[in-house]
Amino acid sequence: MTALKALLLTLLLALPLGAEELSALAKVNSLRSGIVATGGGLELRLALSQPVPWRLRLLDDPPRLVIDAREVDWRGAEALAVVKPGVSLRAGRFRPGWSRMVLELEGPHKVARAEMTTGDETRLEIVLEPTDAASFAAEAARPDLPEWALPEAATLVPPLPQGNGPLVVVLDPGHGGIDPGAERDGTSEAALMLTFAREVKEVLLRDGRFRVVMTRDEDVFVPLETRTSVAREAEADLFLSLHADALAEGDAQGATVYTLADEASDAAAAALAERHDRDDLLAGVDLSEQDDVVAEVLMDMARTETAPRTDRLAKAMVGAIKAAEIRMHRRPQQSGGFSVLKTPDIPSVLLEVGFLSSDRDFKRLSDPAWRATLAEALRQALVTWSEEDAALRAAANP
């Protein structure tokens, strides 16, 4: 039995009796942790405040090492030295009770050694050595443990809608947990959008005409498939995904409304769509082959009917945001291949509230009063759209 297979057969390694019930978070001592180059390989050394259940996996496309632990507060892990240009690290909460660290590798590697030692100090040490692509692909293709697999998105119990109104709105704060999104000056896109989504939710509930569902209401990772399944289970009338990315382009500033399209409206939109899908890939979820030919044809038919409604929703949002005198991108309505917008029969829009890479946008995004103005503009947009949509549907079905 290989060392990796042995690790995958258990979630409880090197633990004293009863430690699986630990309620306190283990913490990373970043001063005593690091990533060390070992010839052509890598050694990851993590100093922890206490033992925890853990496991690791290798995943492909891109090559990465995934470490799951119950539960580690990864704050400080970002200070670990990245010793090779092709290696990057990200960490955070993955799902309730579990955290995840993802080490993206510059090429195929194998696990030469992996162990947790306890005593005066708890240390998790993992040694990776280069290997050939075929051997790595075979290891990465090993099926996961049945008891560890995430539940099927379609069987998840959706969050209960709040509010009594007839219009069901699903708010999707982008990123979360293992995926912080863009970051600047200690502020993450995931945290900022969760705050803004809560503010929008409050505005809609006070209106009285809306019921609101959040795809996440805490700092946890939610796969793309689960986000769209939440909308379907809630029987949503519309889906609004909220983001505040960072782009290198100098003109990337101002609120921007995105709808789904096979071809992106420009290179920046394509880069954003690729990044959003890549976040799911890095967390171990690859949905690129989920649809068969028949399902795709049926969904294309549904999208044909939904697309005009989505376009009207986007136009209503642009109009309301401009009416509130909020700065928008020079091209306020764009399109891209965002997987989170692919629910075929629910009008779905992604709003880049602003760009953390822009000094002006970052200042606005950090201002509660500015966010309140935008939240009110979104409420007005949804009211305008819903009234127009109801009138058009009634006229089409007298």
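In which sense, left-handed or right-handed, does helix 3 pass helix 8? Hold that for a minute. Overview first.

This is a predicted model. The protein chain has 398 residues, and 51% of them count as buried. Its secondary structure comes to eight helices and 18 strands. Now take the contacts with a sequence separation of 6 or more. Residues 24 or more positions apart account for 78% of those.

Let's go to strand 18, residues 348-352. Five of its five residues are buried, so the strand is largely enclosed by the rest of the structure. Look at the side chains. S348, L350 and E352 point one way. V349 and L351 point the other way. Both sets are buried.

Who are the neighbours? Strand 15, residues 238-243, runs parallel to strand 18, and five bridges join them. Strand 16, residues 255-260, pairs with strand 18 in the antiparallel sense, over three bridges. Now find E352 in strand 18. H243 stands opposite E352. T256 also has E352 as its bridge partner.

Leaving out residues up to four places away in sequence, L351 touches L240, S241, L242, H243, A255, T256, V257, M317, I321 and L378.

That brings us to the core. In general, nonpolar side chains in soluble globular proteins tend to be buried together. Here, the largest nonpolar core has 45 residues. L351 is among those with the most contacts inside it, along with F196, L240, M317, V353 and L378. Which helix gives the largest share of this core? Helix 8, residues 368-396, with nine residues. There is also a second, separate core of 29 residues, and V28, V72, A77 and M101 are included in it.

Back to the helices. Two packed helices are described by the angle and the distance between their axes. Helix 3 spans residues 189-207. The axes of helix 3 and helix 8 come within 9 Å and cross at roughly 50°. The two helices are therefore oblique to each other. And the opening question: helix 3 passes helix 8 in a right-handed crossing.

Who makes the contact? From helix 3: L192, T195, F196, E199, V200, V203, L204 and D207. From helix 8: R371, L374, A375, E376, L378, R379, L382 and V383. Two of those names have come up already. F196 and L378 are both on the list of residues with the most contacts inside the largest core.

Key:
Residues are numbered from 1 along each chain as its sequence is written. This is a predicted model: local features need pLDDT of at least 70, side-chain atom pairs count only at pLDDT 80 or more; totals for chains, interfaces and linings use all residues. Side-chain values use heavy atoms; hydrogens and water are left out. Buried means under 20% relative accessible area, exposed over 50%, partly exposed in between (1.4 Å probe, protein chains only). Helices (H or I, at least four residues) and strands (E, at least two) are DSSP runs, numbered from the N terminus. Two strands pair if DSSP finds at least two bridges between them. A nonpolar core is a set of buried Ala, Val, Leu, Ile, Met, Phe, Trp, Tyr and Cys residues joined through side-chain atoms within 4.5 Å. Contact means heavy atoms within 4.5 Å. Axes are lines fitted to C-alpha atoms, for helices over the stretch in contact, and angles run from 0 to 180 degrees between N-to-C directions. Angles under 35 degrees count as roughly parallel, over 145 as roughly antiparallel, 65 to 115 as roughly perpendicular and the rest as oblique. A crossing is left-handed if the near helix is turned anticlockwise from the far one by less than a right angle, and right-handed if clockwise.
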